[in-house]
Amino acid sequence: MSKLDEEKIKYLVSEYQNGNQSVLNAIIKEISLYVYNFPLIVYNKPPDEAGEFYLYFMERLESCILNFKDKGYKFSTYLTSVLINHYKNFLLQEKRKTLRVMYESELKDISIFTLLLNTDEKEHRESIKDEELESAISFFNSLDEFSKLIIKVFTFELTPDDLTLISKYTKKPIEHVLKEYEEILKRVQKKYETRKKIIEKIQSTQNKKYIDKLNSLNTLCSYADVAKLLNLSISNVGVSLKRLREKFQKYLESTKKST
């Protein structure tokens, strides 16, 4: 990688930290080649990915500058450490973006509300009101961190930060967590392929058995997959979801009484 002028870059960073924002362009000029070359040299990545990471990092450059504390070591050492962490987050974001594009159209009907309501309340789910959706979101926001993760796994709404949090809770490497999540989404894709085939059969035959089969097909994440990803037993997942549903029903009732 290209070398940095340590004295110059530390001076510019100090100026910026002291409120002189006019030096930002000079800082960018000094570190640009270093940042761009980072994935090329450290991870042997192609130029296109290096360019994408460069843009990703530059959007987050200010926090990198402001968090630097001059304790005698080189700025390049600090910058390399920051780049490593940001590159991991970049990979997570890009992976999830790709997966989300693949599954977004199929999973758009999965929501917090459909998960928290029992499956035998189908008619009610088909006439959800705006205030009920607002209640579901408000209820979700009131939950503890791990309960939110359970719901997010079921509804395929995990962000890179969530995946990092799962890694922290389960003590599994982030790469391992990401791989497991990808495998879950692939299994869900197969469910939707089955669903499409059933719909095609219904359209061509109008056979009741296919309609019944479609209604019985569960496209949510399975208990087993949630358990594996979060390092829980399947029974613990079931109990946790049951408690969340009961808690949500009470929350809905209390909300209705207060209006």
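Let me start with a term: a residue is buried when its relative accessible area is under 20%, exposed when over 50%, and partly exposed in between, using a 1.4 Å probe and protein chains only. By that rule H86 counts as buried, because its relative accessibility is 15%.

Before going on, a word on the model. It is a predicted one, where local features need pLDDT of at least 70 and side-chain atom pairs count only at pLDDT 80 or more, while totals for chains, interfaces and linings use all residues. Residues are numbered from 1 along each chain as its sequence is written, and side-chain values use heavy atoms, with hydrogens and water left out.

Back to H86, then. You'll find H86 in helix 5; helices here are DSSP runs of H or I with at least four residues, strands are runs of E with at least two, and both are numbered from the N terminus. Which residues does H86 touch, leaving aside those up to four places away in sequence? They are F53, Y56, F57 and R60, where contact means heavy atoms within 4.5 Å.

Now, salt bridges. We call it one when a side-chain nitrogen of Lys or Arg sits within 4 Å of a carboxyl oxygen of Asp or Glu, and the count comes to six. Take K152 and D162: their closest N and O atoms are 2.9 Å apart. K152 belongs to helix 9 (residues 145-154) and D162 to helix 10 (residues 160-170), so this pair ties together parts that are 10 residues apart in sequence. Both K152 and D162 are buried.

K172 and E180 form another salt bridge, with 2.7 Å between the closest N and O atoms, and again K172 and E180 are buried.

How far apart are the closest N and O atoms of E246 and K242? The answer is 2.6 Å. These two are four residues apart in helix 14 (residues 234-258), which means about one helical turn separates them. Are they buried or exposed? E246 is partly exposed, at 39% relative accessible area, and K242 is exposed, at 51%.

Last, a pocket. On a 1 Å grid over the protein atoms alone, a pocket is an open set of points with protein on both sides within 12 Å along at least five of seven lines, and lining residues have an atom within 4 Å of a point. The second largest pocket has a volume of about 200 Å³, volume being the space filled by probe spheres set on the points. Of its 11 lining residues, L91, L92, I174, E175 and L178 are the closest to the centre. Helix 5 (75-107) and helix 11 (174-205) each give two or more residues to that lining.

Notes
On a 1 Å grid over the protein atoms alone, a cavity is a set of points where a 1.4 Å probe fits but cannot get out, and a pocket is an open set with protein on both sides within 12 Å along at least five of seven lines; lining residues have an atom within 4 Å of a point.
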